[in-house]
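Please look over the sequence and the structure shown here before reading on.

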Amino acid sequence: MSKQQEPLLPRSEWKRVGLGMVGFVIYALGVNLFIVPLGLYSGGLTGVAQLIRTLLETVGFSLPGIDLAGVLYWVLNLPMMLLAYRAMHRTYLLKMLIGVSSVSILLAVIPVPTQPLVSEPLTGCLLGGIVGGYGVGTYLKAGCSSGGIEVLGIYFSRKHPNLSVGKFNLSVNAVVFGTCLLLFDSSVAIYSVISSVVTNLMTDRVHSQNINVEAIIVSKEGNEQIEQRIMKELGRGITYWTAKGGYTGDEVDVLYTVLSKYEVSSLRRIVHEINPHAFMVVKEGLSIRGNFKRKLS
């Protein structure tokens, strides 16, 4: 490979993909072992796939030994992957492709118990929400994505600042659970909503995307490269100024950026690759207003 060619994913990112795979497995286990046996439905695009699966099964269409929801989840994500190809960085697209394919296969092949593991519906939906939410938080913390409605949420939130990813997801979930209320017993919709809420709460507990940090980088060399790679790979802006070292008296550049906590490892990698001697400070606990882009990965 020539020096000009860059790998699709740096070695450090493949390690994060490995952690993301653990999250995908945990999420799929939470859905197939607890949610599906109770006849409940997940939120987002997984819930849409499950609803279509149920409607297809009522007319006699099924695949032996395979949960159609997994196959449908991959098909429904095709437009999301095309959107990511047009609007997002190739690293995000590759990790999204890995995530969508992994979740689809896992949802399709993990056996669904013929009888619920927990007979009490409330306990079962709570356990499913906790396990599934832990899985989602784990793969998001690793910077991975399983596609879904979040991709559209990110896209529209960029176009319309007043529309957040959370609001968009809430609207889609309202349609999914409203459909459950129309098609099935009201208890199915109620327990599905409870499970979805617990999933979201558990995701927030595990995931660090909502923890914002500021990073200050003091560097003597390679600063233009650092700036360009941060803007290209992380999509974050940089403010910088020239300062003077108190001990050496040498001129240095101070680069300042704000990002989410899970992006810190990528920032450290970028800085270390360009200038291993750079000094970097990362500080949590920020309250941010103004033009700051929230990201899922």
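Of the contacts in the protein with a separation of 6 or more, what percentage is accounted for by residues 24 or more positions apart? Such residues account for 75% of these contacts, where contact means heavy atoms within 4.5 Å. This is a predicted model, in which local features need pLDDT of at least 70 and side-chain atom pairs count only at pLDDT 80 or more, while totals for chains, interfaces and linings use all residues. Residues are numbered from 1 along each chain as its sequence is written, and side-chain values use heavy atoms, with hydrogens and water left out.

The protein has ten helices and four strands, taken as DSSP runs numbered from the N terminus (H or I over at least four residues for helices, E over at least two for strands). Along the sequence these elements follow the pattern α-α-α-α-α-α-α-α-β-α-β-β-α-β. Of the 297 residues, 47% are buried, a term that means under 20% relative accessible area, with a 1.4 Å probe and protein chains only. The accessible surface of the protein is about 15,800 Å², and carbon and sulfur atoms hold 61% of that area, as computed by the Shrake-Rupley method with a 1.4 Å probe.

Two packed helices are described by the angle between their axes and the distance between the axes. Helix α5 (residues 121-141) and helix α8 (residues 186-206) have axes that come within 7 Å and cross at roughly 35°; the axes are lines fitted to C-alpha atoms over the stretch in contact, and angles run from 0 to 180 degrees between N-to-C directions. The residues of this contact of α5 with α8 comprise 13 nonpolar, nine polar and one charged.

V271 and I217 are 54 residues apart in sequence, yet their C-alpha atoms are 8.4 Å apart in space. Leaving out residues up to four places away in sequence, V271 touches I217, I226, P276, A278 and M280.

N275 is placed in the loop between α10 (264-274) and β4 (279-283). Is N275 buried or exposed? N275 counts as buried, because its relative accessibility is 3%. Apart from neighbours within four places in sequence, N275 is in contact with S219, K220 and E221. The side chains of N275 and S219 are joined by a polar contact of 2.8 Å, and the side chain of N275 also reaches the backbone oxygen of E221 at 3.5 Å. A polar contact is a pair of N or O atoms within 3.5 Å; within protein, one must be able to donate a hydrogen and the other to accept it, and residues adjacent in sequence count only if both atoms are side-chain atoms.

Definitions and conventions. Buried < 20%, exposed > 50% of the residue type's maximum accessible area, 1.4 Å probe, protein only. Nonpolar A, V, L, I, M, F, W, Y, C, P; charged D, E, K, R; others polar.
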